[in-house]
Amino acid sequence: MAATKKRPSKTRDNLVYALVWAACFAPIVWLAWKGFNGDLGANPIEKLIRQLGVWGLRLLLVGLAITPAARILKMPRLVRFRRTIGLFAFSYILLHLASYIGVDLFFDWGQLWKDILKRPFITLGMLGFVLLIPLAVTSTNGWVIRMGRAAWSRLHKLVYLIVPLGVVHYYLLVKADHRPPLVYGAVFLALMGWRVWEARRQAASGQP
């Protein structure tokens with residue numbers, strides 16, 4: 001008789017969730033600590049705003065990497081963390097935008113509108129943020145039930161557009177070293193390439 005696979009204990013699950021939350025909180029704690037110690041460079045406001053956005057982009061990429069990791073490592077339970085990481089990514093990007101509006105522009109909404117219309121990197125960044133809102137709002141199980149799994153999945157494929165918008169936003173923002181956004185763009189292309197390969201492999205093998 002085949003042995004039944006033992007499910008991880010609730011304590012272990014809770015511990016893993018705690019570690020994921022701690023890892024997602026760590027960047028904001030690190031930025032706060034550096035700010036408290038005056039270690040954010042010559043332009044701390046710009047550094048803070050930029051780093052919040054960068055961490056939001058990184059977490060979006062981590063969220064996209066979970067499905068390949070779960071398949072390759074044969075650890076399907078990793079998929080449970082996608083929503084948590086996605087919501088943290090949204091939170092960092094929201095803080096990135098709020099810091100820009102509140103700390104850099106001092107809530108000058110007229111200037112914000114001018115920036116959106118005249119500065120392409122802000123136009124793309126705002127478009128990515130607007131597209132991210134429905135994903136954050138519909139991240140609960142209740143919305144999956146209301147919308148139906150198929151419609152919910154189609155909506156959340158917007159992330160495949162949001163991430164490249166974020167990469168281009170970052171690329172246009174930096175004035176000198178374009179290597180970081182290029183690396184993130186390459187990571188995104190690799191993750192999308194895996195998805196295309198996996199879809200073709202499943203189609204060839206007749207898997208659903």
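## Overall fold

Read from one end of the sequence to the other, the protein chain follows the pattern α-α-α-α-α-α-α-α-α. In total it has nine helices and zero strands; here helices (H or I, at least four residues) and strands (E, at least two) are DSSP runs, numbered from the N terminus. This is a predicted model, where local features need pLDDT of at least 70 and side-chain atom pairs count only at pLDDT 80 or more, while totals for chains, interfaces and linings use all residues. Residues are numbered from 1 along each chain as its sequence is written, and side-chain values use heavy atoms, with hydrogens and water left out.

The C-alpha atoms of the protein chain fill a box of roughly 70 × 35 × 35 Å, taken along the principal axes. Of the chain's 208 residues, 36% count as buried. Buried means under 20% relative accessible area, exposed means over 50%, and partly exposed is in between, using a 1.4 Å probe on protein chains only. Among contacts with a separation of 6 or more, 66% come from residues 24 or more positions apart; a contact means heavy atoms within 4.5 Å.

Let's start with helix 1, which covers residues 10-36. Its 27 residues reach 38 Å from the first C-alpha to the last, close to the 39 Å expected at 1.5 Å a residue. That expected span is 1.5 Å times one less than the number of residues. Where does helix 1 bend? The bend is at Ala 26, by about 35°, and a proline, Pro 27, follows within four residues. The bend at a residue is the angle between axes fitted to the seven residues ending there and the seven starting there.

Pro 27 is also one of the buried residues of helix 1, along with Asp 13, Val 20, Cys 24, Leu 31 and Lys 34. Their cover includes helix 2 (44-72) and helix 3 (82-104). After helix 1 comes Gly 38, with a positive phi near 65°.

Helix 3 has 23 residues, which should span 33 Å at 1.5 Å a residue, and its end C-alpha atoms are 32 Å apart, in agreement. Helix 3 packs against helix 5 (residues 120-137) at an angle of about 140°, with the axes 11 Å apart. Axes are lines fitted to C-alpha atoms, for helices over the stretch in contact, and angles run from 0 to 180 degrees between N-to-C directions. That makes helix 3 oblique to helix 5: angles under 35 degrees count as roughly parallel, over 145 as roughly antiparallel, 65 to 115 as roughly perpendicular and the rest as oblique. On the helix 3 side, the residues that meet helix 5 include Leu 87, Phe 90 and Tyr 100, and their partners in helix 5 include Ile 122, Met 126 and Ala 136.

Ser 99 also lies in helix 3 and, at 12% relative accessibility, counts as buried. Leaving aside neighbours within four places in sequence, Ser 99 is in contact with Ile 49, Leu 52 and Asp 104.

Two phenylalanines are worth a look in the loop between helix 3 and helix 4 (109-118). Phe 106 is found in that loop, and its phi is positive, near 55°. Most residues other than glycine have a negative phi. Are these phenylalanines buried or exposed? Phe 106 counts as exposed at 65% relative accessibility, and Phe 107 is exposed at 54%.

## Helices 8 and 9

The axes of helix 8 (residues 159-173) and helix 9 (residues 179-205) come within 8 Å and cross at roughly 160°. That makes helix 8 roughly antiparallel to helix 9. The contact includes Tyr 160, Val 163 and Tyr 171 of helix 8, together with Pro 180, Phe 188 and Arg 195 of helix 9.

His 169 is found in helix 8 and is buried, with a relative accessible area of 15%. Not counting residues up to four places away in sequence, His 169 touches His 96, Phe 121, Ile 122 and Gly 125.

Over in helix 9 sits Leu 191, which counts as buried at 11% relative accessibility. Which residues does Leu 191 touch, not counting residues up to four places away in sequence? They are Leu 61, Leu 64, Ala 65 and Pro 68. The C-alpha atoms of Leu 191 and Ala 65 are separated by 6.6 Å, although these residues are 126 residues apart along the chain.
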